[in-house]
Amino acid sequence: MDLRSLGWDDFFAEHAKNVKAGVQSSDSLEPARVALVFRGGYEVWCKSGEYLAQVSGRFRHLAVNKADNPATGDFVLVETLPDEQKAIIHSVLPRRTKLSRTQTGRAVEEQVLAANVDTVLIAISCAVALRTRTIERYFTVVRESGAQPVLLLTKTDLCENVPTALQIAYKVSADAPVIPVCSITGNGLPEVRQFISRGKTAAIVGPSGVGKSTLINSLYGDELLPTIEIRADDQKGRHTTTEREMIRLPKGGVIIDTPGLREIQLWEGDEGLADAFPEISELAARCKFTDCQHETEPGCAVRAALSTGNLAEERLLGFRKLQREVEQFASRHDVHKQAEQKRRSKQLTRGLRDRLREKGRED
């Protein structure tokens with residue numbers, strides 16, 4: 001299997017060389033890419049084939065957070081066991097891009113949805129009224145990842161007014177491409193394929209029932225992934241994809257399918273927010289005060305643009321909502337980080353005491 005067709009390049013080759021330099025018996029290690037993460041293990045692709053894999057005991061011991069574990073799209077160094085068609089993952093190479101969200105639930109924990117992705121296809125159905133807040137949230141998360149966002153308006157065959165839907169989409173997409181797509185008729189598929197050429201990786205994200213699996217089947221040219229009918233009353237669907245899986249397309253490139261997301265909470269987001277709302281970032285740079293909150297301060301360029309109609313009030317409302325969420329996340333994350341550092345410090349102290357106690361017994 002040609003790793004370069006899967007996205008391997010000099011960036012990863014150089015990092016692999018540096019990692020191998022610090023690992024004993026590194027001659028037995030070879031690069032691979034994580035194609036699937038499932039409960040209890042991984043599937044990796046490397047030059048010699050496809051293997052079921054587990055992380056090594058040392059890797060498991062050194063991993064601090066769940067986000068340190070291999071994610072779909074990661075390049076890793078593995079030791080293959082050809083006779084068993086299995087492999088052991090010893091190291092995850094540095095990620096060029098990382099699509100993350102906050103893990104659902106109370107814990108402040110990062111969940112890596114996909115790694116080393118060049119383009120993220122944000123699939124939103126235009127068969128129902130577009131929710132601009134949802135689109136802005138996806139754009140913020142994708143911009144933060146470092147990947148290029150592309151907005152796909154799916155199910156155009158069920159949309160009553162495609163031009164209006166496009167007009168709404170353009171208002172929130174900034175400079176990102178917007179492609180109307182119909183997997184049934186094939187409209188828009190050639191434009192989508194331009195972002196998934198040989199050696200490139202795309203990931204597709206979006207709510208359930210927007211047609212992500214159907215779109216991948218159309219790009220692949222076969223019924224590769226299962227699909228189910230959406231509910232007729234509200235056009236909502238159920239999850240057909242349950243794992244994040246990497247798929248090789250016959251015409252080149254790979255695409256990572258992801259389960260439908262009921263919610264996509266931000267993980268960090270300062271840079272992503274600025275990039276998702278470039279017109280507000282540009283205006284804010286002209287404000288009289290560098291810490292302007294765009295409320296009542298004199299010389300506020302943002303409020304001035306609002307009053308002249310050069311900035312839509314809806315965009316400012318969306319920006320403020322996500323800005324509050326970023327600030328709240330930063331506060332929660334700092335508290336969580338301090339608690340985690342305190343916990344690890346206690347573990348180290350306890351371990352040191354145990355070793356000193358054992359040494360005392362030996363003496």
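## Salt bridges around Arg315

The side chains of Arg315 and Glu279 form a salt bridge, with an N to O distance of 2.7 Å. Arg315 lies in helix α10 and Glu279 in helix α8 (residues 278–284), so this pair ties together parts that are 36 residues apart in sequence. Please keep in mind that the model is predicted.

How buried or exposed are the two partners? Arg315 is buried, with a relative accessible area of 5%. Glu279, in turn, is partly exposed, with a relative accessible area of 25%.

Arg315 has a further partner to look at: its side chain also meets that of Glu136 in a salt bridge (3.3 Å, N to O). Here Glu136 lies in helix α3 (residues 132–145) and Arg315 in helix α10 (residues 313–362), so the pair ties together parts that are 179 residues apart in sequence. Glu136 is buried, as is Arg315.

These contacts belong to a wider set. Arg133, Glu136, Glu279, Glu314 and Arg315 are linked in a network of salt bridges.

For another setting, consider Glu282 and Arg286, whose side chains meet in a salt bridge at 3.0 Å, N to O. Both of these residues, Glu282 and Arg286, are exposed.

| Salt bridge | N to O distance |
|---|---|
| Arg315 and Glu279 | 2.7 Å |
| Glu136 and Arg315 | 3.3 Å |
| Glu282 and Arg286 | 3.0 Å |

How many salt bridges does the structure hold? The count is 14.

Notes
Residues numbered from 1 in each chain as written. Predicted model: local features only at pLDDT ≥ 70, side-chain atom pairs only at ≥ 80, totals over all residues. Heavy atoms only, no water. Salt bridge = Lys/Arg side-chain N within 4 Å of Asp/Glu carboxyl O. Helix = DSSP H or I, 4+ residues; strand = E, 2+ residues; numbered from the N terminus. Buried < 20%, exposed > 50% of the residue type's maximum accessible area, 1.4 Å probe, protein only.
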